[in-house]
Amino acid sequence: MSVNYTNLPSKIQNNNFGQQAFINFYTDPIEIDAATLNAMTGFFTARGFDITAATSFASVLIAQAKKENLNPLNLLDTLKGYENVQLNSLIAEVVNYNRF
């Protein structure tokens, strides 16, 4: 089976207003619900994160939740109880874990 690489838009068409996220160089893009991504990005920007960092971390967190068959918004509810220091420590751990 050959793989064709292109810079053209994805041929995947869906009607749930999803977005594709490129998480890792060695994996295929995943489909992310736009509302979930916006909610999680908003949570992190409200905590003082830059929009790019908030979107990146939200994408990683959603991808990890999909791998473990969890609802990403339930994770967000759990994170609401964290202080900023605890949240920064968690983010460092999750990003380092998902780097490879």
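Modeller: Helices are DSSP runs of H or I with at least four residues, strands are runs of E with at least two, and both are numbered from the N terminus. The model is predicted, local features need pLDDT of at least 70, side-chain atom pairs count only at pLDDT 80 or more, and totals for chains, interfaces and linings use all residues. Residues are numbered from 1 along each chain as its sequence is written, and side-chain values use heavy atoms, without hydrogens and water.

Biologist: In what order do the elements of the protein chain run from the N terminus on?

Modeller: The protein chain has four helices and two strands. From the N terminus on, the order is β-β-α-α-α-α.

Biologist: In which helix is Gly42 found, and is Gly42 buried, exposed or partly exposed?

Modeller: Gly42 lies in helix H1. Its C-alpha is 7.7 Å from that of Ala54, twelve residues away in sequence. Buried means under 20% relative accessible area and exposed over 50%, with partly exposed in between (1.4 Å probe, protein chains only). Because the relative accessibility of Gly42 is 34%, Gly42 counts as partly exposed.

Biologist: How do H1 and H3 lie relative to each other, parallel or perpendicular?

Modeller: H1 covers residues 34-46 and H3 residues 72-79; their axes, lines fitted to C-alpha atoms over the stretch in contact, are 10 Å apart and at an angle of about 15°. Angles run from 0 to 180 degrees between N-to-C directions; those under 35 degrees count as roughly parallel, over 145 as roughly antiparallel, 65 to 115 as roughly perpendicular and the rest as oblique. H1 and H3 are therefore roughly parallel.

Biologist: Which residues of H3 do the residues of H1 meet?

Modeller: On the H1 side are Thr36, Ala39, Met40, Phe43 and Phe44. They are in contact (heavy atoms within 4.5 Å) with these residues of H3: Pro72, Leu73, Leu76 and Leu79.

Biologist: How do H2 and H4 lie relative to each other, parallel or perpendicular?

Modeller: The axes of H2 and H4 come within 11 Å. They cross at roughly 65°. H2 and H4 are therefore roughly perpendicular.

Biologist: Which residues of H4 make the contact with H2?

Modeller: H2 contributes Phe57, Val60 and Gln64. Phe57 is in contact with Phe44 as well as with Ile91, Val94 and Val95, leaving aside its neighbours within four places in sequence. The H4 side of the contact consists of Ile91, Val94, Val95 and Tyr97.

Biologist: What is the phi of Asn69?

Modeller: Asn69 sits in the loop between H2 and H3. Its relative accessibility is 71%, so Asn69 counts as exposed. Most residues other than glycine have a negative phi. Asn69 has a positive value, near 55°.

Biologist: What percentage of the protein chain is buried?

Modeller: Among contacts between residues at least 6 apart in sequence, 49% join residues at least 24 apart. Of the 100 residues in the protein chain, the buried ones make up 27%.
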